[in-house]
Structure formats: structure tokens, C-alpha cells
Amino acid sequence: MIRQEFNRIDPKRRANLNYKKTQFATPTFKQQDYPYRLNFYDTPPTAEITLEQFEQWAIDRLKILAEIEACSYRNKTAAETTAHITPLLQKFLPLSANTSSPKGAADPRIKNERQKDHYSHFILRLAFSATEDLRRRFARAETMLFRFRFQADDSRERRAFIDSLNLDWESVGEDERRELSEYLVAATPGLRRSDEDTWYKVDWERVPELVERRSVFLSKGKAYVPEREQLSMIIAEFTARLERALELTSRALPRLDEDDRLSPILNHLSKNFGSAESVYTEGEGFVDGAPITAASIDPLSQHFPLCMRSLHMSLRKNNHLKHFGRLQYTLFLKGIGLSLEECILFWRQSFKGFTDEEFNSRYKYNVRHAYGDVGGDINRRGRGYPPYSCQKILSDTNPGAGQTHGCPYRHFSVDNLIGLLQSTGVNDKDLLRGVREDVEKTRYHIACNRVFEYTHKAEIKRAKEDGSAGEIELDTIVHPNTYFKRSYLLKQLGKTPRTA
């Protein structure tokens with residue numbers, strides 16, 4: 001009896017908790033302030049955005065990171081990378097300094113830019129946390145982007161941002177500095193006296209870049225870093241925090257599998273790191289004024305990427321292509337502006353070994369279906385199928401015996417690939433060596449862009465010198481139809497004198 005009274009809980013005093021309501025309570029959203037242009041992305045965003053913003057902001061940032069990675073793979077210098085990335089940042093991910101507006105950080109335009117930067121980082125963090133390779137690539141590209149912005153930032157804003165981080169750098173006292181003066185000067189390039197700069201003492205793991213360059217004095221696990229090397233310390237801190245955050249994010253990813261709105265978008269983004277097909281829009285491959293007819297395909301094929309040029313050469317050799325090759329090539333021709341009637345004429349003239357009746361019964365319907373002239377589902381609105389992107393071609397079914405579709409950089413043996421390139425007039429040994437290296441490291445789109453830049457180097461140089469490069473975007477090509485359009489326009493610049 002006593003035991004029962006002792007254990008009994010008064011119902012009036014019992015906590016009235018409903019675990020379901022607590023677990024699924026409506027979260028509190030709030031708008032965040034962005035006092036600085038730079039961001040360590042320590043705090044996740046909490047305000048609501050639309051699903052369209054979620055996807056488009058991520059795509060825009062992915063475009064920038066893919067270009068940064070491509071510049072790295074092509075061994076571009078820091079100056080070349082800066083010149084290449086700057087206009088793309090202005091187009092896809094602008095980020096203005098406070099001094100660009102009388103209102104400073106309170107300017108709605110500046111706030112919107114920084115909100116997009118903040119959200120797009122975290123969206124891609126979700127997309128690229130699934131595997132170690134994606135985490136490594138994302139951290140590397142984001143670090144390069146942060147470095148670029150840090151160096152370009154206003155000095156006063158940069159100082160205020162650094163002060164806001166409250167980094168636990170230990171200042172080196174005067175007595176310790178004098179005691180180690182000889183070692184500090186000897187270990188720091190360009191330093192004549194240790195009192196020329198302020199010194200900080202940090203764990204050596206936090207400045208791997210300086211340790212690798214042998215630019216700091218190490219003692220008892222500490223690196224003695226001058227203030228002039230502040231960039232290296234900030235970059236190392238940014239990278240370390242991001243890598244830890246990516247590890248934590250990867251553990252939380254399984255919870256997103258149940259969200260059928262976000263999972264497809266995130267999966268799409270992660271599969272297109274470096275060759276984002278979403279940056280291509282319908283009609284982008286059209287060239288105004290280009291003579292796109294059945295009769296002009298042969299001369300225009302010099303502007304085709306290797307995947308389509310290989311299909312064209314095989315068609316001319318065998319007077320036939322199998323189904324997947326026909327579909328890939330038909331959609332490409334559709335994308336450059338070949339009309340349905342001209343496309344049917346092109347295939348009829350190419351299939352010389354078939355009678356009209358055989359062609360009409362076996363092949364004509366497939367061409368009409370690709371254009372949306374017949375069929376339902378995707379063709380109901382009459383648009384048909386879109387041209388295949390590089391990512392689509394890379395990830396589609398591998399070609400079997402007798403089939404010629406796919407990407408030569410991925411689906412051909414290296415020797416056959418080199419032979420195909422040489423048959424198209426690409427014989428430079430250094431270029432072919434670079435292509436081999438790209439293919440071995442599965443950087444197929446980089447190999448393709450490498451060949452494009454080599455075969456158009458004179459036109460690209462001229463376009464940059466006379467200012468016409470602004471009319472022809474020179475970012476990384478991620479779509480066969482973009483390849484054609486850019487090649488055609490560059491070659492036309494070389495034929496037509498520019499007028500003032």
C-alpha cells in the first residue's frame with residue numbers, strides 16, 4: 001500500500017505531452033540578414049522559397065562550380081580562371097559589395113543576391129553529400145570560389161567579415177617572437193625581419209597549403225603564420241568547416257528520401273556535376289541565318305561534335321544507322337534547326353539501299369515521332385523529344401556490336417578514339433596526350449572541350465581580341481547542339497570582316 005502511494009503520480013500534475021505534436025510542430029521560419037558579401041555558410045537557411053527557386057538557384061551555382069572545376073582540369077592559371085569566371089558570376093551568381101549601393105547591405109538587390117548565394121550553397125551541399133567523391137569535388141570547387149571572392153572583396157568589408165568569425169588564432173607575443181626571430185625569418189619567404197608583421201600561432205593541420213609550400217615555421221605542432229598569409233589561414237578554415245559539415249549532411253540524407261519533391265531534383269543535380277544538362281534550353285542550338293537543309297548537312301558536319309560526326313561518317317560509309325544511332329542523330333539535327341520535311345528527305349537520301357516503300361514502312365514514322373508529328377505522351381504538344389545532352393549520351397545504354405551511338409570519348413577504346421580524331425584532322429601530339437589523360441580520369445566532357453578549343457583556337461583568339469567573344473559564350477560545352485552553334489558562329493567570324 002505504501003509502495004503504491006509512493007509511486008502514484010497525481011494526474012493533475014502529470015505533464016500533458018503529445019509526442020506527435022512535438023515532433024511535427026510547425027517550424028519557425030525567419031528571414032536572415034547578410035551583412036557581409038563573404039559567407040562561411042555555418043548557419044543553414046530557414047526562410048521559405050519556392051520549388052522553382054530551389055531548382056534554378058542550384059542550377060545557376062552548379063554552372064559556376066562546373067566551370068571552376070573545368071578551369072582546374074585544363075590547368076588554367078589564376079589570371080585565366082579569373083577572366084573566365086568573372087562574367088559567368090555576373091550572369092549566374094552576382095554578389096555585390098556593400099559599397100555598390102548607398103543603402104549598403106540593406107539594399108533589397110544586395111540582400112536577394114546574398115540570399116540566393118546562401119541557399120544555393122546549401123542546396124548543392126545536400127546534392128553532393130551522398131558520396132566521398134562528390135563531397136571532395138564540391139569542397140574543392142567551393143573553396144576555389146570562396147578564394148576568388150575573398151581576393152576580390154573590398155578590404156574593409158573583408159576585415160569586418162574576418163573579425164565576425166571570432167577565429168581562435170593565438171597571437172604570438174613579443175617575447176616569443178624575438179626568441180624565434182631567426183627561425184621565423186628563415187622559414188618565411190620574402191621576410192627580412194620578424195617584426196615586419198603580426199604573427200599568429202595555429203595547429204599546423206589548419207594551414208596545409210603553407211606547410212606544403214614550406215612557407216611557415218613549425219614548432220611543437222604549431223605553425224607560426226604572418227598576417228600577410230591570412231588568406232591561407234582563412235581558406236584552410238573554410239575548407240575544414242565545409243568538410244565537417246558535408247560529413248554531417250551525409251548522415252542526414254536518408255531522411256530526405258521520403259520527400260518526393262526534392263529527391264528527384266537533388267539526384268538530377270548530383271548526376272550532372274560538371275556537365276549540367278539543365279543549362280541547355282530548347283532552341284538554344286538554332287543559328288539564325290544558317291542554311292540548315294538536307295543538302296547542307298555534309299558541309300555543316302565539320303562543325304559537329306565528335307559523337308555526331310562519328311554518326312555522320314558511319315552513315316555515309318554504310319548508308320544505314322541502327323535505331324539508337326538514328327534517334328540520337330535525328331534529335332541533334334532537329335536541335336540545329338533541320339525541319340521535319342528536310343530531315344525525312346535527309347534520311348531517305350542517306351538510306352540508298354532501300355526502296356521508298358521500305359523506307360516509309362520501317363523508318364519514316366520514327367523520324368516523325370521524334371519531331372512530335374505523331375504519337376502521344378511526350379509528343380502531345382507537337383514538340384517531340386528534346387536533343388540529347390552530353391550527360392544523357394554518357395549515361396544512356398552502351399552501344400553494342402554494330403551500333404554507333406553514344407560518346408566516343410567514353411564508349412570507344414582509347415586507340416579507336418585517337419584514330420577517329422586523327423581521321424578528322426586532329427593530329428597534335430600534346431592534344432592527343434591530354435585527351436588520353438582526360439579519358440583515363442573519366443573527364444569526357446573536358447576531353448571534348450579540349451578538342452574544340454584546339455580546332456577553334458585561331459577563331460577564339462580573334463573573338464577575344466576584337467571583343468566579339470561577348471557575342472559567343474565561351475564557357476564549357478555540355479551539349480552537342482551548343483558545340484555546333486558555337487563552332488559555326490566562330491568560323492563565320494573568321495570569314496566575315498567585322499564592322500565598327
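Predicted model: local features only at pLDDT ≥ 70, side-chain atom pairs only at ≥ 80, totals over all residues.

Colleague: Please begin with Cys390: where does it lie, and why is it called buried?

Modeller: Cys390 lies in helix α18 (residues 390–395), where helices (H or I, at least four residues) and strands (E, at least two) are DSSP runs, numbered from the N terminus. Buried means under 20% relative accessible area, exposed over 50%, and partly exposed in between (1.4 Å probe, protein chains only). Cys390 has 17% relative accessibility, so it counts as buried. Residues are numbered from 1 along each chain as its sequence is written, and side-chain values use heavy atoms, with hydrogens and water left out.

Colleague: What makes Cys307, Cys390, Cys407 and Cys448 a group?

Modeller: An unreviewed UniProt entry places the feature "binding site" at these four residues; positions are given in the numbering used here, feature names are shortened, and annotations may be inferred rather than shown by experiment. They span 142 residues in sequence, yet no two of their C-alpha atoms are more than 10.1 Å apart, so they gather at one spot. The lining of the largest cavity includes Cys307, Cys390, Cys407 and Cys448. A cavity is a set of points, on a 1 Å grid over the protein atoms alone, where a 1.4 Å probe fits but cannot get out; lining residues have an atom within 4 Å of a point.

Colleague: Which residues does Cys448 touch, and why is Cys448 called buried?

Modeller: Contact means heavy atoms within 4.5 Å. Not counting residues up to four places away in sequence, Cys448 touches Tyr409 and Tyr483, while Cys390 touches Val478, His479 and Pro480. Cys448, found in helix α22 (residues 444–455), has a relative accessible area of 14% and is therefore buried.

Colleague: Why is Lys491 called partly exposed?

Modeller: The relative accessibility of Lys491 is 22%, so this residue counts as partly exposed. Lys491 lies in helix α24 (residues 480–495). Lys491 and His456 are 35 residues apart in sequence and 7.9 Å apart in space, C-alpha to C-alpha.

Colleague: What makes a set of residues a nonpolar core?

Modeller: The set must consist of buried Ala, Val, Leu, Ile, Met, Phe, Trp, Tyr and Cys residues joined through side-chain atoms within 4.5 Å. The largest such core has 58 residues, and those with the most contacts inside it are Phe304, Tyr329, Trp347, Tyr409 and Leu421. Apart from it lies another core, of 51 residues, among them Leu38, Ile68, Phe128 and Leu246.

Colleague: Why are α14 and α16 called oblique to each other?

Modeller: Helix α14 (residues 306–318) and helix α16 (residues 340–350) pack at an angle of about 45°, with their axes 9 Å apart. Axes are lines fitted to C-alpha atoms, for helices over the stretch in contact, and angles run from 0 to 180 degrees between N-to-C directions. Angles under 35 degrees count as roughly parallel, over 145 as roughly antiparallel, 65 to 115 as roughly perpendicular and the rest as oblique. The two helices, α14 and α16, are therefore oblique. His312, Leu315 and Arg316 of α14 make the contact with Phe346, Trp347 and Ser350 of α16.

Colleague: How do you know whether Tyr41 is buried or exposed?

Modeller: Tyr41 has 5% relative accessibility and so counts as buried.

Note on methods. 1 Å grid on protein atoms, 1.4 Å probe; cavity = no way out; pocket = protein on both sides within 12 Å on 5 of 7 lines; lining within 4 Å.
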